[in-house]
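Here are a few notes to read alongside the model. Have it open and follow the points in order.

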Amino acid sequence: MRHFAARIQTLTPSPTLALDAKIKELIKQKKNIINLGIGEPNFDTPNHVKRAAVQALKENITHYTETQGLLKLRMAIAQKLQKDSNILYAPSEIIVGSGSKQILYEALQVLCDENDEVIIPLPTWGTYVEQVKLAGGIPVFVPLNPPFKLTTKDIEKKVTKKTKMLLLNTPANPTGAIIDVIELKKIAKLAVRHNMWVIADEIYEKIVYGNSTTSIASFNKQIKEQTITINGVSKAYAMTGWRIGYAAGPEGVIKAMTTLQGQLTSNASSIAQMAAIAALLGNQKPVEQMRKTFEKRRTLVSNGLIKSGLSFTKPEGAFYVFVSVEKLLGKDIQTSEVFCSRLLKEEHVAVVPGEAFLYPGYFRLSFAASKEDLVEAMKRIKRFIMSS
Ligand code: PLP
């Protein structure tokens, strides 16, 4: 018999990407779909960033770069980490890859052994779970209740002798929750006490509404030595398609990730790397403009959801609201998955069911959409709820 490898048979396809494919199909059929399932800013990449890419082409920066990423880009990242998070990293402690998703994969492959336990708070971005499984690790879930703020107590309950790593994502996808600095300090202490690796995914760091974020690696030397900080330009600079992500961490880890990347994809696109330098070092006004627009949309969506009688925790960051439909579940709508597929079918509004984040009873709504679409979507959601 010609079998596929076991590892691929246990892998769950990305539900958000699958939903996206379904939506594109419906749009092709000329259905008036409002897509609030999407995980990317609906803004254009800032012009100065695009110009840097054009310039890179003109200068024929179109060849392989260092696997680890252009030195100039790693220096720009080091500068950014010092300015924004007050952490000092040398370029040798930084790696650039094709999106933070790839960087996360590499970090897990490098640090996670067969049957190592990796603590993951729930709800979670599904990719963490699948990538831990791909690395042979065992995801150990920490279910959180609204307002979905991770605490040391939650983690402590799940620590065993096999605990290898803790996955942090703040601001979080799908809840927008931010771990408060006092709690984050306690989490750092716990991680040091139990000698576990910490992966800190800070991809939504620039999209915050009041409560700012702190990098766990910034607290002291000990926690810095066991933390891999992951970030990228996708969300802050509306550059999802450029595929640039990066990690900063202990030199040995970064070296091993570079060895792996060298056998995987080599360097990230040279042109996109040049664009990322312009994004990180250039005018930051577009970032703030986008953040402000997201903030207005957050208010719009929050008001709309309240009018529909739905309960949710107002997100402190990112561009998602995680909404409970638990009280609507019953004979007609048995699960949040059914809720979402009926909302799509009957009202042509796409949102992602909580099942995709291992947290049924909820849906994730992205407000990375135009004001007009959000206003119309709120009307449709209200109509759907009133009629069901
Ligand atoms: N981390 C989180 C929490 C995300 O939600 C995403 C994208 O949705 C990523 C990482 C991946 O971003 P990218 O691979 O575009 O850098």
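1. A word on labels before we start: helices and strands here are DSSP runs, numbered from the N terminus. Keep in mind that this is a predicted model.

2. Let's begin with Ala369. You'll find Ala369 in the loop that links β13 (362-366) and α14 (371-387). Is Ala369 buried or exposed? Its relative accessibility comes out at 6%, so Ala369 counts as buried.

3. Who sits around Ala369? Ignoring neighbours within four places in sequence, Ala369 is in contact with Leu36, Asn42, Arg297 and Leu374. Phe319 is 50 residues away from Ala369 in sequence, and their C-alphas are 9.6 Å apart.

4. Next, have a look at helix α6 (residues 126-134). After α6 comes Gly136, which has a positive phi, near 90°.

5. Now the cores. The largest nonpolar core has 35 residues, and Leu150, Ile155, Leu168, Ile187 and Ile216 have the most contacts inside it. Elements giving two or more residues to this core include α2 (15-28), β3 and α8 (181-193). Of the contributors, α8 gives the most, with five residues.

6. Leaving out neighbours within four places in sequence, its contacts include Pro121, Val142, Leu168 and Ile187. Apart from this core lies another, of 33 residues, and Ala369 and Phe319 are among its members.

Notes. Residues are numbered from 1 along each chain as its sequence is written. This is a predicted model: local features need pLDDT of at least 70, side-chain atom pairs count only at pLDDT 80 or more; totals for chains, interfaces and linings use all residues. Side-chain values use heavy atoms; hydrogens and water are left out. Helices (H or I, at least four residues) and strands (E, at least two) are DSSP runs, numbered from the N terminus. Buried means under 20% relative accessible area, exposed over 50%, partly exposed in between (1.4 Å probe, protein chains only). Contact means heavy atoms within 4.5 Å. A nonpolar core is a set of buried Ala, Val, Leu, Ile, Met, Phe, Trp, Tyr and Cys residues joined through side-chain atoms within 4.5 Å.
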